[in-house]
Amino acid sequence: MTGIALSPFVTMVESEDGLVFLNKRTGRYWQLNGTGSEVVRLLLSGETVESAASRLQEKYPDASDQTVSDVRTLVRQLQAAKLLAR
């Protein structure tokens, strides 16, 4: 999965704990923790799901069995919330 970008009506800002998204159409806020924020930053910089997962596996080797699945799930959830576009 490549070509991920913020939806045009979404604003993203850094917070102490990670990232906060604002959907300007609905007025809803979404907050990601540090790990989720790291994944989103990697994907927005052009990394694929697999390469982002690989970076997380290096950082958190105990979670390596779940990493690709978790990254895919996060992307699906953010797309379902209309925060990310392809």
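1. E3 (residues 19-23) and E4 (residues 28-32) run antiparallel and pair over five bridges; two strands count as paired if DSSP finds at least two bridges between them. Leu19 has Leu32 of E4 as its bridge partner. Strands (E, at least two residues) and helices (H or I, at least four) are DSSP runs, numbered from the N terminus.

2. Before going on, please note that this is a predicted model, in which local features need pLDDT of at least 70 and side-chain atom pairs count only at pLDDT 80 or more, while totals for chains, interfaces and linings use all residues. Residues are numbered from 1 along each chain as its sequence is written, and side-chain values use heavy atoms, with hydrogens and water left out.

3. Next, have a look at Glu47, in the loop between helix H1 (34-44) and helix H2 (49-59). Its side chain makes a polar contact of 2.5 Å with that of Ser51 and another of 3.0 Å with that of Arg55. A polar contact is a pair of N or O atoms within 3.5 Å; within protein, one must be able to donate a hydrogen and the other to accept it, and residues adjacent in sequence count only if both atoms are side-chain atoms. Leaving aside neighbours within four places in sequence, Glu47 is in contact (heavy atoms within 4.5 Å) with Leu42, Ala52 and Arg55.

4. How do H1 and H2 pack? Their axes are 9 Å apart, at an angle of about 140°. Axes are lines fitted to C-alpha atoms, for helices over the stretch in contact, and angles run from 0 to 180 degrees between N-to-C directions. The two helices are therefore oblique to each other; angles under 35 degrees count as roughly parallel, over 145 as roughly antiparallel, 65 to 115 as roughly perpendicular and the rest as oblique. On the H1 side the contact is made by Thr35, Glu38, Val39, Leu42 and Leu43, and on the H2 side by Val49, Ala52, Arg55, Leu56 and Lys59.

5. H2 also packs against helix H3 (residues 67-80), at an angle of about 125° and with the axes 9 Å apart. H2 and H3 are therefore oblique as well. Val49, Glu50, Ala53, Leu56 and Gln57 of H2 meet Thr67, Val68, Val71, Arg72 and Val75 of H3 in this contact.
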